[in-house]
Each structure stands twice: as structure tokens, then as C-alpha cells.
Amino acid sequence: MDPRTILESLYKAGVHAADPRAATAAAVRDLRFNAPPGIVAIGKAALRMSEGALEALGDLGARAPGVVISHDSPSHDASLGQLQHLTGDHPVPQHMAAGQALGLIVRQLSSCRDVLVLLSGGASSLAAAPVDGVDAADLRSLFRDLLRSGKDINVVNSVRRRVMQWSGGRLTRALHPARVHCLIVSDVMGNELSAIGSGPCVTDPTRGLDLRALLGALADHLPPPIQQLLQPGKNAEEVGRDAESVRIVLDNRVAVEGVTKAALDAGFTLAPGQPPIVHGEAAEFGRAFAAHLAHVRTASLGTGHPMICVAGGEATVTLGEESGLGGRCQELALAFAEGASGANFQDGISLLAAGTDGRDGPTDAAGAVVDGRTWDLIRAAAGERDPARDLHSHNTYHALASVGALLHRRSTGTNVNDLVIGLIR
């Protein structure tokens, strides 16, 4: 098989391993409800998680009231029982209709003995609604500014928790006196509970901190009502409440292990050393990963064994003044192509970088597949593109599209960060 076919097959194995339906069903069986629980499912994995919960609940699930808020519509064969389905916006909340509608549903579910909250990445935007004193336009502007800033996800979510109606334990508070049980598909490395979906079922650990210092110069450009909420003192973040139980049912480690098992089953050798965690600036990581694979290949010449190096995590892109079309995985891949070209290995080292949710930035791509030839192929593409300029201006989508390197968007039903898979031949 050619390198792209191999890498795509391994990526699919990783996504398949991180199936939210099976993981949620197993976790719900452990909870042992005696009456139909209310269900609130929010995030990119909300549909698959709710299907798993209803499967595990059996007859109780057929009578369970609640809501599913996701970024896409249910498939024609999906069965959501009595659960209402709402569609939200991601990564920037535009209309916020789902977040506002959640208020009425939550009031109805608070009469249940138990409520099952199924949470996954993307929930912050999909169910976004501002706290009192902040208007929708200011919240949208904040989301855009945070996305462009390249700030660490923990900083981003610390800010979001202060200004959003369902974050920082406020969802648990609104569901009181119902007992809340929260199951999570994590898209945050390290599984910090307050950072996943901005923590709707756990109290805000940054309460009392002045978050303006974490934002630096960006804080001075935020609307005054938001600046006010970022200060320590008595404000909206103090109303949160912890859920009765919170459990991570899936994370990036499961996807990485799925890729690793598939590679070993197919006869590949794992590259020596500890795989790096994907973090920091996407372009910097891409270049460093190319250098890592080039070093491994040079040290392994003569062994005759193709090798796989699997990394998981999530890089960031700081846009600054220039913002073309692309995503963090596309930026990582193009920077890798630059580094691989410099190593002069042609197709000796190849890479796939893609989101496990099948989406990468505001594009129709999940990521990209590149090798040591990609950089020069882009240079020779119609119009004589300058890949260095594209990388600098974050216009990676068009650069990669010009040589057919994009991995097109797909609906995976899960969201456990990104997979970066290197192939050494």
C-alpha cells in the first residue's frame, strides 16, 4: 500500500477505538438507575453518547426526557427516544438559540431524581449563552478573539467560565435538586474537568483570580462588561455547583492506543523512544516532528522495517494580523512538509495530522497527509505558490489543496483531540 493509504487506515482505526457510544453505554450501566433519568448531551460526541446511554438504559431510556445539542443532525437510523435535538454553532456561537433553549429544558429536568449529563468537546460554543450583563455580540467577539490569540486551552476556558451561563458548575446548579452524574469524552490533554466544555458540572477553580493577567494585552480590548467579570470578587462565577459524580469515559490516549494496536497488527514496528505530545505552536511542532522522524530514519537505515510514530494532543495557531484559511492540523502538516523537504527524504517519511472529530478549523478538511515531496510540489503547483508565504500567513488550506494533500472532512461522532501519525520507510 502507498503511504497515504496506510496512514488513513491507521487514522480510522484510532477514531474507531474512541467510539463514544460503546464507552458511554458501559459507564451508564455502572450507574444503575431505578427510574428514567433526565439526559442533557452537549458536544461534538453528543449524538453517539446519547445513543449509548439510551441503549444501556433499555426501557428506562425509552422514557427518558432531555435534550441533545450537537453540531450536526442525527443520521437517518439514529434513535433518540424522547430526547429533543438542537443544533448549535462551532467554533464561534452565532445565534445561541440552543444555549438559550437549554434554560427551559433544564427547569423541566430539575424535577427528575437523577440527570445524566453527557459532555464532550465543543460544548462551550454549541450551548453558548451569556451570563446576565453580557450581550450575545460581546460573547461572539470574545470567542473570536480567544480563537485568534493562540492561548492555551486552559486559559481560554478560564475566561469562558466567567461569562457563560452554563459553565463553571452553573448547569449543575440549575438542575438542583436533581442529582447530576456527568460522563465526559475529553478533548483536553490532562483531562482537567473544569476545562472540558468549560466545566458545566464542576465549580470554577480559578474563582478569585484576576484573569486579565493571563490574557495580557488582549484583556484591554475586551468589552467592559467582560473585563469586569474577569476581576476577582463577587460575580457570576460564584454560583457554580459540583455534580454528584464526574467520570472521563474516553480521551486521546484511547485513540493513540487504537492506532498503535492497528499498526502492530499490520506488522509495523514502533519508532523507538517516547512519542511526543502534540502541543504548542502547530508550525513549530510540525518542524520538530519532521526532524524527529528524520533522525529515527537515519538511525534505523538497514533494518528494513517500516516504522510508525504516533502522537496525540492538540497544537495551537496564533493568527496575529495575518489569517488565511486553514486549521491547526493543516498548519502542522505544512510545516512538517517543509522540514521533511529540508531533510531530503522524499517519501521516506510521511505524516497524517487530523482531528479525531473529522474537522480542522473553519474548512472542509479534517487535516492533511504530506511527505518530503509535498513542499516542492506546492512550489511547482499552478500559479507557482510560495508555501513559505502560505505558512507564514496561515493560508495552509489552499497550499495543501493545490497538491491534493488535504484529508477531507468526515463525520466521526467523536472528539478526543488530534492524531499525528508518522510513517518511516
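1. The lining of the second largest pocket is made up, by class, of 12 nonpolar, six polar and one charged residues, where Ala, Val, Leu, Ile, Met, Phe, Trp, Tyr, Cys and Pro count as nonpolar, Asp, Glu, Lys and Arg as charged, and the others, Gly among them, as polar. Please keep in mind that this is a predicted model, in which local features need pLDDT of at least 70 and side-chain atom pairs count only at pLDDT 80 or more, while totals for chains, interfaces and linings use all residues. Residues are numbered from 1 along each chain as its sequence is written, and side-chain values use heavy atoms, with hydrogens and water left out.

2. The largest share of this lining in the second largest pocket, five residues, is given by β8, a strand (a DSSP run of E, at least two residues, numbered from the N terminus).

3. Helix α1 (a DSSP run of H or I, at least four residues) covers residues 3–17, and its 15 residues reach 21 Å from the first C-alpha to the last, close to the 21 Å expected at 1.5 Å a residue, the expected span being 1.5 Å times one less than the number of residues.

4. Within α1, the residues P3, I6, L7, E8, L10, Y11, G14 and V15 are buried, that is, under 20% relative accessible area with a 1.4 Å probe, protein chains only. Those buried residues of α1 pack against α12, β8, β9, β10, β11 and β12, with contact meaning heavy atoms within 4.5 Å.

Definitions and conventions: Buried means under 20% relative accessible area, exposed over 50%, partly exposed in between (1.4 Å probe, protein chains only).
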